[in-house]
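Dear colleague,

Please find below the structure that I am handing over to you.

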Amino acid sequence: MIRAGGTGMGQGGPVRVRIANPRTGGLWWRVPCLALAWLLVAAPGAAALAALAVLRDYARDLPAEPDLDGWQAALPQTSAIDAADGTVLADLPFGGAGAAEIGHRRWVAYDDLPPVLIQALLAAEDVRFFQHRGVDAKAVVRAAWINYRAGRVVEGASTITQQVARALLPAEIGREQSLRRKVREALVARRLERRYDKRRILEVYANQIFLGGGAYGVAAAARAYFDRSPGQLDAAEAALLAGLAQAPGRAAPRMDPAAARARRDAVLARMRRAGFLTEPEFRRASASPIALRQPPARYGRVAPWYTERARREVTEAMPDQVARGGLVIETAALPVLAFEAEAAARRHAAGLRRAPAEPPPQVGALVWDHETGYVEAEVGGLAWERSRFDRATQACRQPGSAFKPVVYAAALAADVITPGTPLRDAPIAEYDERRDVHWKPRNSGRAFRGVALAQDALALSLNAPAVDVMDRVGGARVVAMARRLGISTRLDQVRPLALGASCVIPIELARAFAVFARGGRDARPIFVVRVRRGDDVLLDRASSADPWLDPARRLDRLAATAGDDDVAGAAPGAGVVAAGRPLDAGTAYMVTGMLRDVVLRGTGTGARALGRPAAGKTGTTNDDSDAWFVGFTGRVLAAVWIGNDDPARVLGPGRDGAHAALPLWTELVGLAEGTRAPRPVPGPPPPGLVRALVDRETGLLAEPGAPDAALLWFRRGTEPTAQTSDPAGVPADLSRSSREF
């Protein structure tokens, strides 16, 4: 028998055998081991799932495909006003009143960025840019350790791609210092790197960053600080610009040169550590001073009043587009002609001084290709630096006799007169009870003739016949004609209006004369020819008559303007004006013929020095305070006004339109015409007109070979039919008028 706990017998003695139940919970240690093993296996997965959930939440409203190209297209840029020959007249900043950003940006392609500037940007912001994929893990760890040791944020780890992402989606990513923002920023950066090439991302960064001084992007900054293009920068200059990217306000070179130099040298040191600069190159760059150069103001250097007119025109027409910027505003300005016209105006005005110590009178002038409608040059005054008031397009001055062609045009269009109508040329005395003044117009120093044909009266600028025409046609018709011809200023319907008593703006009076020159067709002055942003054309006013226009574009302009003008040869009846024509062709031709006589034998004979056919009209106000000449050749129209800004300061004796304004007009038109072949003025007559030889005293048909006869144009049916040799055909009052008045 073997007892429990006892011993059994064995070869070597008794054997003790213990019989008992196993201890409860003997495998307790396996539970924590299994739990630990589960955690080691499952926790990463759980953490990954949790992180994925957070990432999905953070990325909920982020675009899957960031549109960098579309964002670049909408990025504000500098606009340019260009002359006809491509000369840049002005750079216009983007933004405007109330805009969040106002400044300049000129886009420069990656291939045009110099290597030293690329290296400076990388050293300053993201030296491992070409190695990481949007987020630099090493930089993140390094920045975290440095910030931990400092106890505050002293270094960031945003890559260039992350900075582009933040600029691309500022509202979605936000600006707050938070994990959510950094994660969203990193997500967009990764997506950018998957879609776009590194060079493309760096190009965008280099062009979008703000570098102070109103400069956005490296091209604008290179111009603002050094008056250079990016390709002309050296290492020190490139490092200074790159150093401004982080905080342009704290290291502004013009405000704090010491801080700017310290930041520049820090970037140069990084460039040396990165292997971008050798030790000698680093030393030379660090030793160089900061030599800032203020770029000269381009605005106002070439064709200043023209440039300002173009800027105002586009800003008023499309303010939102100008604020966005990136426009190319193409004008018809000819810089060489502008320089010559301004110099001629200054010389001429200096010669009109009444005394050496007195300032010269001001000048307002326009040179206009009336065939295309392009205004080629403008003189708004003598000195843009002292006065930017544009006397050619803003001043309202009395035109004197230069307004008479409008009066005659109204009467001719209504068939109230013909060029051969005898008009009363006798003294006029009128008392204005309302103003308590006597009105007695003089006759330009000439004796009264008693009777003068309309053609002669205009050629010699006789005042009494102009009042006679005004009385016949009525003030309402004269004002209506002026409005049709493009004159917008207030015109009083009184008899002195016939002599230019109401003020007009030079460009508007020039437009009226251009209608005569163009055979009655409208003549809107074109300063801005086209406005475009890249290939997107926002406005196009190019004339199909422009000889330099691309053939395809010429066809487009012909199609766009079809129907604006009636056929050039059409000749509607009296008072009937076709669509697109403020004046019928027959009336325009007769007025042009009368203005041609002004140059041939009237007050404008000085224009014959031009050596080519021309037509025009002088104008002089009371006491010679304003002198005008407005006229045209077969291609060029010019208007010249000369006077003082204060009308009380007169030009002085002998400074009338023929002597003060006409010589400058002749010089300007000569400069514009150059060596081109002359054209006839007027050209071929339109249908419906006939010519007749008229006696200058009676207005009747003259005998062939009569010594005092004029060959005049008439609308068919209005020409005289009676002969001077026929006594029955001579009205008694006209046969005596020349002797009795």
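**Findings**

Strand β5 (residues 328-331) and β12 run antiparallel and are joined by 4 bridges. Within this pairing, I329 stands opposite V531 of β12. Please bear in mind throughout that this is a predicted model.

Strand β12 (residues 528-533) has a further partner, strand β13 (residues 536-540), to which 4 bridges join it in an antiparallel arrangement. Here R530 has D540 of β13 as its bridge partner. β12 and β13 form a hairpin with 2 residues between the strands, and G534 takes a positive phi near 65° in it. Of the 6 residues of β12, 5 are buried, so the strand is largely enclosed by the rest of the structure.

**The chain as a whole**

The chain contains 24 helices and 18 strands. Of its 741 residues, 51% are buried.

**The five-stranded sheet**

An open sheet is formed by 5 strands with antiparallel pairing, in the order β7-β6-β16-β15-β14. The edges are taken by β7 and β14; each has a single partner strand, so one side of each is left without a neighbour in the sheet. On average, neighbouring strands of this sheet are turned by 10° against each other, direction ignored. Helix α15 (residues 335-350) packs on the sheet and touches β6, β7 and β16 (636-643). The direction of α15 makes about 35° with that of β7.

G373 lies in the loop between β6 (362-369) and β7 (374-379). Is G373 buried or exposed? With a relative accessible area of 8%, G373 falls under the 20% limit, and therefore counts as buried. Leaving aside residues up to four places away in sequence, G373 touches W368, R524, P525 and I526. G373 and D546 are 173 residues apart in sequence, yet their C-alpha atoms are 9.3 Å apart in space.

R612 is placed in the loop between α22 (585-601) and β14 (615-620). R612 also counts as buried, at 15% relative accessibility. The side chain of R612 makes a polar contact with the side chain of E673, at 3.5 Å. Apart from residues up to four places away in sequence, R612 touches T633, E673, G674, R676, A677 and P678.

**Enclosed helices**

Which residues of α16 are buried? They are K404, P405, V406, V407, Y408, A409, A410, A411, L412 and A413. This accounts for 10 of the 10 residues of helix α16 (residues 404-413), so the helix is largely enclosed by the rest of the structure. D415, which follows α16, has a positive phi near 60°.

Helix α5 (residues 160-168) is likewise largely enclosed by the rest of the structure, because 8 of its 9 residues are buried. The buried residues of α5 are I160, T161, Q162, Q163, V164, A165, R166 and L168.

**A pair of crossing helices**

The axes of helix α9 (residues 218-226) and helix α10 (residues 235-244) come within 11 Å and cross at roughly 115°. The crossing of α9 and α10 is right-handed. On the α9 side the contact is made by V218, A221, A222, Y225 and F226, and on the α10 side by E237, L240, L241 and L244. The residues of this contact divide into 8 nonpolar, no polar and 1 charged.

With kind regards

Technical notes: Residues numbered from 1 in each chain as written. Predicted model: local features only at pLDDT ≥ 70, side-chain atom pairs only at ≥ 80, totals over all residues. Heavy atoms only, no water. Buried < 20%, exposed > 50% of the residue type's maximum accessible area, 1.4 Å probe, protein only. Contact = heavy atoms within 4.5 Å. Polar contact = N/O pair within 3.5 Å; in protein donor to acceptor, adjacent residues only side chain to side chain. Pairing = 2+ DSSP bridges. Axes fitted to C-alpha atoms, helices over the stretch in contact; angles between N-to-C directions. Left-handed = near helix turned anticlockwise from the far one by under 90°. Nonpolar A, V, L, I, M, F, W, Y, C, P; charged D, E, K, R; others polar.
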